[in-house]
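You asked me to look over this model before you set anything up with it.

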Amino acid sequence: MSINTAEHRSVARAKRPLWTRIPVVHQLRQSVGLQRGMLVAGLVLTAIFVLTAIFAPLLAPFGFSQLESGNKNFGAQQAPSSAHLLGTTVGGYDVLSRVIWGAQTALFVIVVAIVLSIFLGVVLGVVSGYLGGWLDRVLVVVCDAVYAFPTLLLAIVMSIVISGGKSNLVGGVLAAAISITVVFIPQYFRVIRAETVRIKAEAFVESAKVLGASSGRIMFRHILRNATRTLPLIFTLNASEAILTLAGLGFLGFGIEPTSAAEWGYDLNKSISDVTSGIWWTSVFPGLAIVLVVLGMTLVGESLNDLADPRLRTRRRAAAAVPPPGPTLDLAPGASSDIVGDLELERQS
Amino acid sequence: MSTLARGQQAVGITDLTVTFATDGGDVRAVDGVSLSVNAGEVLAIVGESGSGKTVTAKTILGLLPETATASGAVLLGNDNVVSISHARLREIRGTSVAMVFQEPSTALNPVYTVGWQIAEGLRAHGDYTRAQAKAKAIEILDKVGIPDAAERVNYYPHQFSGGQKQRVVIAMALVLDPELIVADEPTTALDVTVQAEILDLLRRCRDEFDTAIVLITHNMGVVADLADRVAVMYQGEVVEEADVTSLFGNPQHEYTKRLLAAVPCLGSGTVKTQERAAKRALTVGKAPLVVATGLEIEYPGRFGRPSFRAVNGVSFEIGANEVLGLVGESGSGKTTIGRAIGGLTRITGGSLSVLGQEMRGVKERQFRPLRSDIGFVFQDPATSFNPLLTIAECVAEPLVVHGRARDARAARARVDELLEAVQLPRAFGDRYPHELSGGQRQRASLARALALQPKLLIADEPTSALDVSVQARVLELFAELQREFGFAALFISHDLAVVDILADRIAVLYHGELVEEGTGADVLGAPRHPYTRRLLASLPVPNPAEQALRREELRLLRLAD
């Protein structure tokens, strides 16, 4: 009697269109109220940052290392004017151009740093969490040791080791990115390992085990995808931390030379002496750029975090006046129930 | 004790509607429910999961989450809980209405003594000195039957057993003499022998304190044992309300009839088992698939504590084509034995031979080829499927792992056959596990276990996470498939009635030891071991008159111990 019940009921449920299932778009549609405001603000800031980075050659009036145009020197520490909208630095560079080109360097570093750390961190986390034993213990100790180091100090050491004092664009960016990577791997490792250890105890992993699936198959088919749910969140939060580390390195003098690339931290460093002599434009704009980009990415990360947790997610309140179409079981939307179908079927016949 | 005289109304619910805001739009959980309970009366609300029974009960205490909107009236005395202020709500909680939760181990705070937690309610509703509060806590613990109350009032929750913890929770509810107690599945997390004691205690609450009790349960045996009146809920509505004798004797609504028919009864399996035994006698002579001799399994202890022996000297056999039912309470070692046969737990002593392979000290590599001959069905169908794979991919997994198919798509034809064998439409293969109901998921789980046509199937409480009505169908299907495919099975359950339906032989475990083994008729009809006898007598039957007799029997049995 039960064979056909579900078919009777299975109103062909169209899958949600693909674009609404893309991670961030899905959350955007899901959010309401203040959470939506936060997410939208973060997305807008991040979008402006990414677009500026991509179109820097078109947007910037001058090159990042340009000191003159038409054989006429810009002049150092010029106040904002029609020729230089945001003025010039102590080194004689155009501030607006340096800020715009700086976005490109920042994006470059974020991408390299995260690509390097995410893959290694995730793979190590899954393997270590699932296999356990001495491998797990060694990796956890190593990661704890890296954690215990001050992030910036470690980044400085790494950048000295990697670049050996030289600093062209690729070398400088890679030095910064790899030094950030070293700091981030333990974060991804820890998060993924914790998830793996939790999922390892779930019944579906055991059921794969009793089927005789190999460890590799269990790790990468059954556990990996279930363990990566929190990644977008760490990803955005780490991106903002990557910018801060890069700016910190530049500020302390371990960054990229102005002739190789524009870098906000370096510009800030050079503008320290300006502040006391009333020259505000050399420090405010690179500083503002750092703050806005970090704010944007943190807002995206934090709202994704809130939306991922059903307890923190706000929903539109149920409208008491308009009754919804009848009661539903506490199953997922679209789920079917055994009994309902049977009774319906009997009523029909 | 209650301020109300027997027969006065304790709570009146009129036209209650509760709507939840969810991601999938608004969901109406309770739809126009009207009920009333009088002092000294037990009203049972029964229904399957999702029928709105728990939501109704939580509304009485004003415990709905923020996403819910309630309309209608819930009258407690002169207060309408739906619309009163938070301050007034706090006043009446505890004094007018109290709650007993399902899981006693999570309802108690592990870092405070039980005395402190009972006194917490007193402190919230009046001035008590520390000594007065403690005296009151001791008095109430004594009343709910905790021995040495004066000393044990200073114990922490973990120092009590599960049944005693539930007594403490009931004591917390009783300490302020509420007119109404809402008990949400108060015995579901407890073993059947402990359940009988807690039901006795609740009955005493009613008789001695004249408390009104709203009992929420899905167990018809519990209803027959305790309730005076029953309300059957289905899809957010009360479909039938009647006193307990007429509901069981003469159910009116279609759904109620179906629900009652689905409840497994002791003794119903005996006839079937005899038929099967007669048939099997013809095929006797084959070597048994599983042989355990003096099986011992220990879990290592932590830091100097002795290791815990979960299974102690158990011997049994499972012959080809035979279903062995393993019954016991939680902690009796029944799941451990199932896991050991499936190669998930190492054995530490004795001998266990599975399909000819000695499991003591076996390497995973030696055992892996044999895994294709063993199917496993897990207790909770909700977690035993990878949530990111479709049902078809999950069912195809064993075929792919053992090289019978290249990938999930190549196995699809076989998967469709399997889904049909477990009476699921083919189209379900494209769904994700969360889109199926519990019963459907458990059937898909059966399909996966049978994909490789195993010689042995281990089913670990396959129906205990399901509603009664769904359970009946899954059991029926299990029996049908067993006839068709002819696999041997180890069927693990805490429910004697369920095991009785399926098993050819029943083995009873108690504290890691096998106390009794035999055919269903032997074990259930003429139990020899006192534990089996107590287990049988504790099992409430869905028939109020018969249950009253059994209760008396159990009391005598307890006196005899």
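This is a predicted model: local features need pLDDT of at least 70, side-chain atom pairs count only at pLDDT 80 or more; totals for chains, interfaces and linings use all residues.

1. Overall dimensions of chain B. The C-alpha trace spans about 70 × 50 × 50 Å along its principal axes. For 561 residues, a compact globule would have a radius of gyration near 24 Å, and chain B comes out at 25 Å, which agrees.

2. Make-up of chain B. There are 22 helices and 20 strands in it. Buried residues account for 51% of the 561 residues. If you take the contacts between residues at least 6 apart in sequence, 68% of them join residues at least 24 apart.

3. Domains. Chain B is split into domain 1 (103-177) and domain 2 (270-538). Taken over C-alpha atoms, the centres of these two domains of chain B are 40 Å apart.

4. The largest nonpolar core. Which residues touch the most other members of this core? They are B:Val214, B:Val395 and B:Phe491, out of 252 residues in the core. The largest share, though, comes from chain A: helix α5 (residues 95-131) of that chain supplies 17 residues. Domain 1 (103-177) and domain 2 (270-538) of chain B both contribute residues as well, so the core lies between them.

5. A closer look at B:Phe491.

6. A four-stranded sheet in chain B. This one is open, with antiparallel pairing and the strand order β2-β1-β4-β5. Strands β2 (25-38) and β5 (79-80) of chain B sit at the edges with a single partner strand each, so one side of each has no neighbour in the sheet.

7. Strand β1 (residues 9-22) and strand β4 (residues 68-76) of chain B pair in the antiparallel sense over eight bridges. Where does B:Phe20 find its bridge partner in β4(B)? At B:Ala68.

8. The helix on the sheet. Helix α1 (residues 53-60) of chain B packs on this sheet and touches β1, β2 and β4 of chain B. The direction of helix α1 of chain B makes about 120° with that of β1(B).

Definitions and conventions:
Residues are numbered from 1 along each chain as its sequence is written. Chains are lettered from A and ligands numbered from 1 in the order in which they are written. A nonpolar core is a set of buried Ala, Val, Leu, Ile, Met, Phe, Trp, Tyr and Cys residues joined through C-beta atoms within 7 Å. A residue is buried if 20 or more other C-beta atoms lie within 10 Å of its own, exposed if 12 or fewer, and partly exposed in between; C-beta atoms are placed from the backbone. Helices (H or I, at least four residues) and strands (E, at least two) are DSSP runs, numbered from the N terminus. Domain bounds come from an automatic or database domain assignment. Two strands pair if DSSP finds at least two bridges between them. Two residues are in contact if their C-beta atoms, placed from the backbone, lie within 7 Å. Axes are lines fitted to C-alpha atoms, for helices over the stretch in contact, and angles run from 0 to 180 degrees between N-to-C directions. The radius of gyration is taken over C-alpha atoms; the globule rule is 2.2 Å times the number of residues to the power 0.38.
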